[in-house]
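Visitor: I'd like to learn how to read charge pairs and surface patches in a model. Can you walk me through it?

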Amino acid sequence: MTIKPIQKIIFGSPGTGKSYMIDNVIIPHELGINEESVNRGNVIKAVFHPEYTHGDFMGKLLPITRDKDVEYRFYEGHFLKAIAKAYKNILSSYDNKGEKISDPDNVVLVIDEINRGNSSAIFGSVFQLLDRDVEGWSSYNTNVNGVMFDSLYSLIGGTYYKNNDKYKYILAPFDTSGGVLLETLNNKVKPILNFDLVNRNIKIPPNLSIIATMNTSDSSIYYMDTAFKRRWDWEFIDIDSNRVKADGTAFSNRKEWNDFIKNLNDFIKSNHKSIRGIEDKQIGNYFIQGSPVTNSEIQSKVMFFIWDSVFSRDKAPLRDLLQLGNDSLVTFGDFAKHVVVFIEAINNRNV
């Protein structure tokens with residue numbers, strides 16, 4: 001099933017049903033991952049906490065003792081398992097001639113309590129993969145070396161052996177019998193997976209979604225920097241367990257969006273006295289990609305960034321912009337419901 005990947009942090013007060021919504025609404029209905037698909041390993045779950053490391057996320061070597069001898073075994077992390085499963089599902093959708101025969105099954109990595117671990121350290125170089133293009137692939141690749149890449153290749157079904165001083169590689173559905181040279185296999189696999197066997201580069205594929213939860217009351221456990229936060233969509237769940245998600249289109253083309261961003265940055269700069277670190281608090285044109293730009297995207301990405309990162313200390317400029325009283329803008333939920341008014345107020349400031 002071809003569905004635009006979800007890369008979202010769902011946040012709200014404790015006990016508002018964030019995990020329940022993921023399991024019972026988003027996974028089955030928005031990603032089309034049914035119980036049979038779940039049983040095939042298409043849902044991988046992790047829980048971040050202060051002791052959770054990059055090794056837990058990607059994979060790590062751990063010693064084991066056998067007959068008094070110490071050996072080392074590589075244990076795959078949650079992300080490595082998820083991306084490998086997504087790759088494998090894509091391969092399964094092609095025949096041995098390289099012809100696509102079906103849509104690949106979707107895979108989702110669910111991260112509970114994403115801010116209870118040091119996200120920047122946990123993601124490491126994977127952070128670079130979180131930028132997605134309009135087709136859902138990572139906009140950039142990252143290099144994975146050593147035993148971690150070998151494990152990833154093995155997880156997607158790949159093997160190799162040595163023959164006459166040369167290594168032969170086997171990967172279904174390509175060359176499943178005698179094997180081929182690495183460069184030959186790479187020429188067949190790379191256009192399909194964006195998976196470079198020679199240079200050991202990977203990208204997140206469009207059939208892999210990443211959904212995380214966060215309690216707003218825990219937002220200060222570990223600091224999330226602006227660059228990390230902007231790579232996610234954000235969705236607020238209010239105290240009544242309702243999804244705060246506006247309908248409709250905000251901007252039908254990129255020019256309208258670019259004009260809005262210019263006006264928004266003018267508004268931000270005009271309130272620099274209320275902002276700490278003004279240089280990285282403005283928004284670029286690629287903060288949201290593609291068109292049309294929906295009200296929901298403005299709400300979840302732009303307004304949350306404005307609320308949480310730009311005017312985190314002083315909400316007075318936002319109250320003044322929306323012409324609201326002091327008690328009318330207490331929570332992000334209060335702010336988010338004014339998405340249409342927010343857009344109009346920004347665009348009308350200089351009219």
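**Salt bridges and a patch**

Guide: Let's start with one pair in this predicted model: arginine 230 makes a salt bridge with aspartate 131, with 3.7 Å between the closest N and O atoms. These partners link distant parts of the chain, 99 residues apart: arginine 230 is in the loop between helix H8 (226-229) and strand S11 (233-237), and aspartate 131 is in the loop between helix H5 (119-123) and strand S6 (142-143).

Visitor: What can side chains of opposite charge do when their charged atoms come close?

Guide: They can pair. Here, aspartate 131 also has a salt bridge with arginine 231, the closest N and O atoms being 3.1 Å apart. Arginine 231 sits in the loop between H8 and S11 and aspartate 131 in the loop between H5 and S6, so this pair ties together parts 100 residues apart in sequence.

Visitor: Is arginine 231 buried or exposed?

Guide: Buried means under 20% relative accessible area. Arginine 231 has 15%, so it counts as buried. Aspartate 131 is buried too, at 11%, while arginine 230 comes out partly exposed at 26%.

Visitor: How many salt bridges does a search of the whole structure find?

Guide: It finds 15. One of them joins lysine 60 and aspartate 56, with the closest N and O atoms 2.7 Å apart. Elsewhere, salt bridges with shared partners connect Lys8, Glu30, Glu235 and Arg243 into one network.

Visitor: And which residues make the nonpolar surface patch?

Guide: Leu61, Val70, Tyr72 and Val147 make a patch of about 410 Å². Valine 147 belongs to helix H6 (residues 146-155), and its 39% relative accessibility makes it partly exposed.

How values were computed
Residues are numbered from 1 along each chain as its sequence is written. This is a predicted model: local features need pLDDT of at least 70, side-chain atom pairs count only at pLDDT 80 or more; totals for chains, interfaces and linings use all residues. Side-chain values use heavy atoms; hydrogens and water are left out. Patches are made of residues with over 30% relative accessible area and no salt bridge: like charges are joined within 9 Å, nonpolar side chains (Val, Leu, Ile, Met, Phe, Trp, Tyr) within 5 Å. Accessible areas come from the Shrake-Rupley method with a 1.4 Å probe; for residues, only the protein chains shown count as cover. A salt bridge is a side-chain nitrogen of Lys or Arg within 4 Å of a carboxyl oxygen of Asp or Glu. Helices (H or I, at least four residues) and strands (E, at least two) are DSSP runs, numbered from the N terminus. Buried means under 20% relative accessible area, exposed over 50%, partly exposed in between (1.4 Å probe, protein chains only).
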